[in-house]
Amino acid sequence: MIVAERVTDAARSFIQRIRISRAAWLRVAVAAILLITLPFVFRLDGHAHANWLQFLGRFHPALLHLPIGLIVLLPALEILGARRPALREAADFVLRAALALALPTLALGYMLAYGAGDTGVTVARHMWGAIALCICLLLCLLARPAWAMREQAHVYPALLVATLLALVWTGHEGGSITHGSDYLTRYMPGPLRVLFPSTSPSGAAVDSFYSQQIHPIFESKCVACHGASTEKAGLRLDSYGNLMRGGKDGAVIVPGKPETSMLLARVTLPPGDRHFMPAEGRTPLTSDEVSALRAWIRSGATPTATSIPGIKAATQSTEPPPQPVGDYGQLMPEIVGMQRGVNAKLVPVSAKASDGLILRTADVASSFGDAQLAAFQKFAPYIVEADLARTAITDASFDTLKTFTHLRALHLEGTAMTGANLGKLSSLKQLTYLNLSGTRVSAQSVAPLKNMPNLRHLYLFNTPAQPDNATARSNP
Ligand code: HEC
């Protein structure tokens, strides 16, 4: 009698369970479909969206460790639970908690990418990995009761393994977004690295100007946000092909036309501008880099040209370390006074006095002439860089400039210089950079500069001295 009762009880509870799990199946199926359709409803199209999305999204990296910890704990509890049933009971709770945390983590991650306008292969892989992971957890939840009651031995363990694999994959792709895809392989021992060949980056001739001079600029200053991992504004700068393909607003480089190339415009805006690149206060391009970029675009932005008219750039940097200047401490009150005034400014290179001063004239260029420059002679030995571009100085200033003995970079582009007396600069032994673009210097007048040992970057666009006169046009 008792046995018969037991049998009917068991049957009843079995039927109940079937009914419950049918409803559960339905819930899981609906949840899975919602998760899968999410990326199609809110497409990651490279456009940034509301700021509050990014605000919340930035909690994603903080939250994600919690579900990871719980998921990793899960198989340990299940295995050890074979001996200690209490652990099995805990596992059920841990599984539910993992799911309860994984779903908001996914949501925040999605808000982060959607809000910031992130796209790219790695972002997409990370996203699909996370969706797969959540679906695996849902299925685990569904399959576990039957396993715990020893009715179904294999489905739940298999799903658990799938969950762990999805976790490793998703975590790795997520790490690649923040640290770069070569994070794990960069310091890998040689023999192992053979298994992970690094992709040849540029898609251009190895000895081309692009590969030697342009690609490295993007590589160090832009691909963190415009690379395979993250494509801000749908723009990738990690290969020649991608660069020329452009971003969400179309081409960023117009061959032959630096003035209309959006990329050049973005890197030459005032650094405070909200469209300035690189964004978020990353290290801006140096004036050398901007000049190289401009010259390359002007000459047609090709992937093959090995030299660019008007540019003489060293292929490897063998520049001697800059020589320290003396202490300008006692002149400081005067320097600070000038920084406040409307005159040209002297700006310290760094907090270290021996790093020298930069002479800036950008705000007063049109009224800055030979007399004004002469007034700076008392600071001459401390000035390491002088920006005199588009000022009113003339050839007469070479007498002043030759006393700037520690000068390393000199901008004279767009001035009325003709180059007579240019030879006087040859006493400036530290000078590595000289820009004479847009002046009237001739090949003859620059000839004496050939003997300057450290002068590595000499710019002569739009001058009669430009080696290839075919491209020396003022309006390309
Ligand atoms: C910290 C991340 C970050 C870095 C580093 C960065 N960018 Fe950007 N870039 C962005 C974001 C975000 C956008 C989209 C918002 C905007 O247009 O300002 C963008 C947009 C652009 C666009 C516009 C593309 C289009 O089609 O609208 C260009 C061009 C660009 N960046 C060039 C560069 C260059 C060149 C560098 C390297 C010197 C660089 N970026 C470095 C984040 C970055």
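Which handedness does the crossing of helix 9 and helix 12 have? The tour returns to this point at its last stop.

The model is predicted; local features need pLDDT of at least 70, side-chain atom pairs count only at pLDDT 80 or more, and totals for chains, interfaces and linings use all residues. Residues are numbered from 1 along each chain as its sequence is written.

**The ligand.** Select the ligand and the 24 residues around it, of which Cys222, Cys225, Lys232, Gly247 and Pro278 come nearest. A residue is near a molecule if its C-beta atom, placed from the backbone, lies within 6 Å of it. Next, colour helix 11 (residues 262–267), which provides the largest share of this shell, 4 residues. Helices (H or I, at least four residues) and strands (E, at least two) are DSSP runs, numbered from the N terminus.

**The strands.** Move to strand 4 (residues 383–387), where 5 of 5 residues are buried, that is, have 20 or more other C-beta atoms within 10 Å of their own, with C-beta atoms placed from the backbone. Strand 4 pairs in the parallel sense with strand 3 (residues 357–360) over 4 bridges; pairing requires at least two bridges found by DSSP. Show Ala386, the bridge partner of Leu359. Ala386 also stands opposite Leu410 in strand 5.

**The helix pair.** Finally, select helix 9 (residues 209–221) and helix 12 (residues 287–298), whose axes are 10 Å apart at an angle of about 130°. Axes are lines fitted to C-alpha atoms over the stretch in contact, and angles run from 0 to 180 degrees between N-to-C directions. The crossing of helix 9 and helix 12 is left-handed: the near helix is turned anticlockwise from the far one by less than a right angle.

Notes
Buried ≥ 20, exposed ≤ 12 C-beta atoms within 10 Å, placed from the backbone.
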